[in-house]
Amino acid sequence: MPQPLPLQQKVIGRYTILRELRRDRHSVSYAAVDPVMNRELVVKAVQIVPAGPPLRAEARRHIEQAFVRQAQAAGRLHHPNILTVFDAGLGHEFGYLVIERVAGRSLQDLLGSGVKFTDLQCAGIGARVSDALEYAHGQGVSHGQLGPQHVFIQADGSPKVSGFGGWIDAGTEGDDALTRTEQFLPFFQNEVTDETRRRDLRAAASLLCTMIQARPHAVTVSSQSGPAAGTQRPSTIPGFSALLLDALNTRSPTAPKQPASCATP
């Protein structure tokens, strides 16, 4: 049976723990300092050994290797709009990730608090998020679960995309999607396929719809045929609306097989 992550943690690897940021069932995020680089960052400890009977050595090694592979893949991403992963390591019962500290709030929090973005702001955020996804795809890494909770808006209004690698976030998202480690292993797969590329494209378009409609929840993609079922603000730039509908329309070369529209749940 794996041991719970410790309550009083002073050092992880070479990193000095300052305070706990968030504790969830399977992970704990800390504000920490790299004493060598004199840099404040986030250390996220993840309980990678699942609950239940003890794992055989081969199964445990498989999980640890998958964790390290994903950390290495995310560590290849050096882009101004992607959260940087500096380091990773393995402890006795947990793995840890050393992540860039971001000063800002998630898009989900901002929308939930009533913040509304202009069309030009939506376009700027969407363009940078899309550029980050395109860059990651070029490095062979897909996201697979992009949503408003994975986009942090910084003081200058620019976004930082987190969540490449599932557990790799800004230390504020916890492990809501993580129930058992073995169920989370698909997020360790780094290969970019046509399907993962389409999924990320549609997620980016859905994110834009969410901002335009100023809703705190994710926008669903309707499979109804015919005109778009959803509505957009009257001020929405016509060309911008056309771009969204093209991304969500399955007649586009990059889209899935069924017609889709930007619609609220």
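Glu195 is partly exposed, because its relative accessibility is 38%. Partly exposed lies between buried, under 20% relative accessible area, and exposed, over 50% (1.4 Å probe, protein chains only). Arg199 falls in that class too, at 37%. The two form a salt bridge, with their closest N and O atoms 3.7 Å apart. A salt bridge here is a side-chain nitrogen of Lys or Arg within 4 Å of a carboxyl oxygen of Asp or Glu. Both residues sit in helix 5 (residues 194-213), 4 residues apart, about one turn of the helix.

This is a predicted model: local features need pLDDT of at least 70, side-chain atom pairs count only at pLDDT 80 or more, and totals for chains, interfaces and linings use all residues. Residues are numbered from 1 along each chain as its sequence is written, and side-chain values use heavy atoms, leaving out hydrogens and water.

Now step back to the whole chain. It has 6 helices and 11 strands. These are DSSP runs numbered from the N terminus: helices (H or I) of at least four residues, strands (E) of at least two. Of its 265 residues, 49% count as buried.

The salt bridges number 7. One of them joins Arg101 to Glu40, at 2.8 Å between the closest N and O atoms. Arg101 lies in the loop between strand 6 (95-100) and strand 7 (104-106), and Glu40 in strand 4 (residues 39-46), so the pair ties together parts 61 residues apart in sequence. Arg19, Glu40 and Arg101 are linked in a network of salt bridges.

Glu100 and Lys160 meet in a salt bridge as well, 3.1 Å from N to O. Glu100 is in strand 6 and Lys160 in strand 9 (residues 159-161), 60 residues apart. Both are buried.
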